[in-house]
Amino acid sequence: MVNTKVFGSVAVFLALVLAGESVAQSSRPGVGSFPYADQNGTGVTFRVWAPNASSVGVKGQFNGWGTTALTKEGATGYWSGDIASARAGQEYLYRINNSFDKRDPRARRVTNSNGNSIIYDPKAFNWGGVNPVMPWFNDLVIYEMHVGTYNAEAWVPNTFDQAISKLDHLVNLGVSAVEVMPIAEFAGDKSWGYNPADLYAVESALGGPDAFKRFVKACHERGIAVLVDVVHNHYGPSDLSLWQFDGWGSAGGIYFYNDSRGSTMWGDTRPDFGRTEVREFISDNIRMFLEEYRVDGFRWDSVWSILYANNGSTRLPEGEQMLRDINWMVKTGFAGRISIAEDNAYDFNVNFDSQWDVGFGEHIKWQVTRGSDSERNMQWLGDQIGNWNSLNRVLYSESHDSVGGMNGKQRLPRDIDGSNPQSIYARKRQLLAAGVVMTSPGIPMIFQGQEMNEDYAFAAETAIHWGLTNSNKGIVRSYSDLIHLRRNVWGGTQGLKGTGVNVHHKDDSAKVISYIRWDAGGGVDDVVVVANFSGQTRNNYQVQFPSPGVWHQFYNGDATNYASDFGNVGVVQTVTASGNPPKATLNLGMYSMQIYAKDSPLSAGQVTLDPAEPDGCVDVAITYAAGAGPLASATQVVAAVGLNNWQSSTDFSMTKTGEQWVISYSIPLGTHTLDIAFHNGATNRVWDNNKGLDWHYPVENCADIPAVVTASPEDPIGCVPVTITYEEWAGPLQDSSNLVLFVGRNGWQDVQSIPMNESPPGVWSYELQMLEDTWQLDFVFNNGGSDTNLVWDNNNGQDWHVYVLDCVDSFVPFVTITNPPSDITVSDDVANYNVSGVLGGGVSGRLMWTNAATGEGGLVTPLSTNWALPTISLAEGINLIRVSGTNDTANPNAASRDAATNSVYTAGPSWEAEQNGGVGVGRWLADGKEWKRRVLPRHE
């Protein structure tokens, strides 16, 4: 606990919680729990599928964990209701058949896989205008990441927020997409993620839904797409609240096959794809990630287990249809997103874009792990490179499956040299394998850590050893070079982005292979790859090239730039191919690759910024010197300036001063990065884009400045007017033409929508008259638009609250807290606090206390003029302690506390089964060692 405050605020009010209260069927959309705020009020809509249940209710912090009955929606099997007292952030469960509790199958957030569901507002996150990236398939280079171990040397599991701090490593590496291993809530805190328990909830140990959104936003700001690994071939098998959800079923119940089709290698938990509602459950899950999390695509785990059951002997046409429909929905409704299968993507036409080429991964591993060079086979390797020249396959030399300790596997360097996985042989051969992946036709992928020659087996308990980026910094650079060449970032290697391939040279004696890659073909963009799979240097080795002339060397895996103990054999700028057919003489280092192209690598101009490190939304001078770059002879230069990873771009004509071109540019509010490239302004434009990298400059203290909200007085004492001011800044309501104050009191009671006044521009205010008996003002803001164009600022889901002292109803008795005497701050080692006070005249019955931070509360007994609370547990953050009483001798607070005989409960044996629990409350039934109440219809 840090900076914990205890607020000694007192309110006198009446409260009555009626068990068994029911609500009407909801007319609002959505399955799950969704906060609403409209002309009919505020609250939360709950809807759940439980077709065989006799009754369904919802219980949570909003109704004192009593049960509010939901209404069945005809014969649909769904139950729903709107609960006005419910709010985002509150915990809840569904009560099924008045006998057992279940988490919400569609809860976006849970406390943990054995805990409660949490109401979550999917619209509250501020994306700040950052949109999906959606790279072209031929520009995809995927980095497979296990978030829990990616940046966690100090502690496992890592969170999404911790992972963000290492994203610039991926930017420098050059990857265009990150594929996160499954992030749905799973059992425990440490897992690969292939045991999902709550499919709609983002794993709490990783930070939950907002943390994942921050991660996606941070990736997109850096130009990196985000793919999510999803598991819908089986669930669990542990911590499954879905299991026999509504009490029906001989096995798993409504969400699962209840016969042999339910059996998988991970447990008897295959979803029943034959049920419309289950297919919708899965389809809506995919749609959720696309719409609410703005992800760029998916990798589907074990598609084989969706298409087949009973060890492959039973075809599941309903699984096939589901995949076809979902992938078609993605293609037609979310253009540019990608769907990748682990396996069996092309058994039927189910609209996948690509699939893992597991055979390629196994083969390249076999080639580089042979103990003797004589075992390596260039004919077989050539078949793997050339026999499926398509972007319909994902290529890799390491994946979580192939290097996971849980599978009995280990990292490639340790497979190569078990005694010394950091030896020159281990480093060179795993790098050679990566080179083949990056230069073969397909979508290349690397697994976290292999770029630094990580040699510890992948496990959910073992973090990447980031120190290897120092000791193996040359290996990291080599991977970066290969990735940039694969994406043609520096120009000259467009052929590697295509699917054309001719494996024209397979020397099984020397263990040398060479192949030509192209995109457009016709000799326009040929790239030649030569690889030596032997431990011997091959000097004066002749390789055929597709055309005569000078060929530029773009990469040499034996360069000492990558390791001081490499041989630097054959490191040249160019080679010349001649003769008929044209051949070039090469020197090949052991276990290394060389890459050649006809076009020379591009140079780039020089750019300077003044100030070099902008601080704030300031004016900067942008200066460009073309040098020998693409715009060396340009008669005019235009600066294309974008913001925040090219979220927008504007052209500015530059002025020439001597040999330099200059403009002055005012950085707009909301900018965290300036993106700059240059062109000649002609119809047939020539660009200088820094060899494909563009120029990017970070800007401090100008981006994501949230709206500033103030209240005056800040801490009201008494029922005084309060002026609420909203300053737009870069918040979600920036540049609004109207602003509405959406305000309530005492936990969102008596809600009003009040237009605010703007003066000066961007600053809105309103003087609110305080009502008596107010202890808390609650407010958010919107733009006053229509239902389809309504934009909110709700303080990132936290709302704004002003706590009010001594604004009490003058006609009711009062309670005063004397200890603490005022708001205080306690140290981070204080876990609890004692609160005491005095009573004014007229208080009868009992006092009640609550702590809004923990949801705890109870009665103050015995009632006396000088009262004291039991020791109160504190939570991290603001602890709002309230003590309330009444002058009603019937004491509604006591009436809400039920006893089995209409008398005060004193001891367990005094309660007998079947005794009535009071007016409107059902009988208490003995259930083992617990007492449970049956809720009766209202008319009883």
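Guide: You are looking at a predicted model, where local features need pLDDT of at least 70, side-chain atom pairs count only at pLDDT 80 or more, and totals for chains, interfaces and linings use all residues. Residues are numbered from 1 along each chain as its sequence is written, and side-chain values use heavy atoms, with hydrogens and water left out.

Visitor: What makes strand 13 and strand 16 a pair?

Guide: Strands are DSSP runs of E with at least two residues, numbered from the N terminus (helices are runs of H or I with at least four). Two strands pair if DSSP finds at least two bridges between them. Strand 13 (residues 177-180) and strand 16 (residues 225-230) have four bridges and run in the parallel sense, so they meet the rule of at least two.

Visitor: Which strands make up the closed barrel?

Guide: Eight strands, in the order 12-13-16-17-20-21-22-23, close into a barrel with parallel pairing. From one strand to the next, the twist averages 30°, an angle between lines fitted to C-alpha atoms (for helices, over the stretch in contact), taken between N-to-C directions on a scale from 0 to 180 degrees.

Visitor: What makes the link between the side chains of Y143 and E451 a polar contact?

Guide: A polar contact is a pair of N or O atoms within 3.5 Å; within protein, one must be able to donate a hydrogen and the other to accept it, and residues adjacent in sequence count only if both atoms are side-chain atoms. The two side chains come to 2.9 Å, so the pair passes the limit of 3.5 Å. Y143 also has contacts, meaning heavy atoms within 4.5 Å. Leaving aside neighbours within four places in sequence, its partners include Y150, V175, A177 and I464.

Visitor: How do you know which side S736 falls on, buried or exposed?

Guide: S736 has a relative accessible area of 14%, so it is buried. This residue lies in the loop between strand 42 and strand 43. Its side chain reaches the backbone oxygen of L733 at 2.7 Å. Beyond its neighbours within four places in sequence, S736 is in contact with E728, W764 and N783.

Visitor: What makes strand 47 mostly covered?

Guide: Seven of its seven residues, 776-782, are buried. Q776, D778, V780 and N782 point one way, while L777, F779 and F781 point the other way. In a regular strand, the side chains alternate between the two faces of the sheet.

Visitor: How do you know that strand 47 and strand 43 pair?

Guide: Six bridges join strand 47 to strand 43 (residues 740-745) in the antiparallel sense, and F742 has V780 as its bridge partner. Strand 49 (residues 800-803) pairs with strand 47 over four bridges, also antiparallel, and there Q776 stands opposite Y803. Strand 48 (residues 792-793) runs antiparallel to strand 47 with two bridges, and W792 is the bridge partner of N782.

Visitor: Why is the link of C617 to C702 called a disulfide?

Guide: A disulfide is a pair of cysteine sulfur atoms within 2.5 Å. In this link the S to S distance is 2.1 Å, so the pair qualifies. C617 lies in the loop between strand 32 (606-610) and strand 33 (619-625) and C702 in the loop between strand 40 (695-698) and strand 41 (708-712), so the bond ties together parts 85 residues apart in sequence. C617, at 37% relative accessibility, counts as partly exposed, whereas C702, at 0%, counts as buried.

Visitor: How many disulfides does a search of the whole structure find?

Guide: The search finds two. The other joins C719 and C807, with sulfur atoms 2.1 Å apart.

Visitor: What makes the disulfide of C719 and C807 right-handed or left-handed?

Guide: The torsion about its S-S bond is about 105°, so this disulfide is right-handed. It links distant parts of the chain: C719 is in the loop between strand 41 and strand 42 (722-727) and C807 in the loop between strand 49 and strand 50 (815-819), 88 residues apart. C719 is partly exposed at 33% relative accessibility, and C807 is buried at 3%.

Note on methods. Buried < 20%, exposed > 50% of the residue type's maximum accessible area, 1.4 Å probe, protein only.
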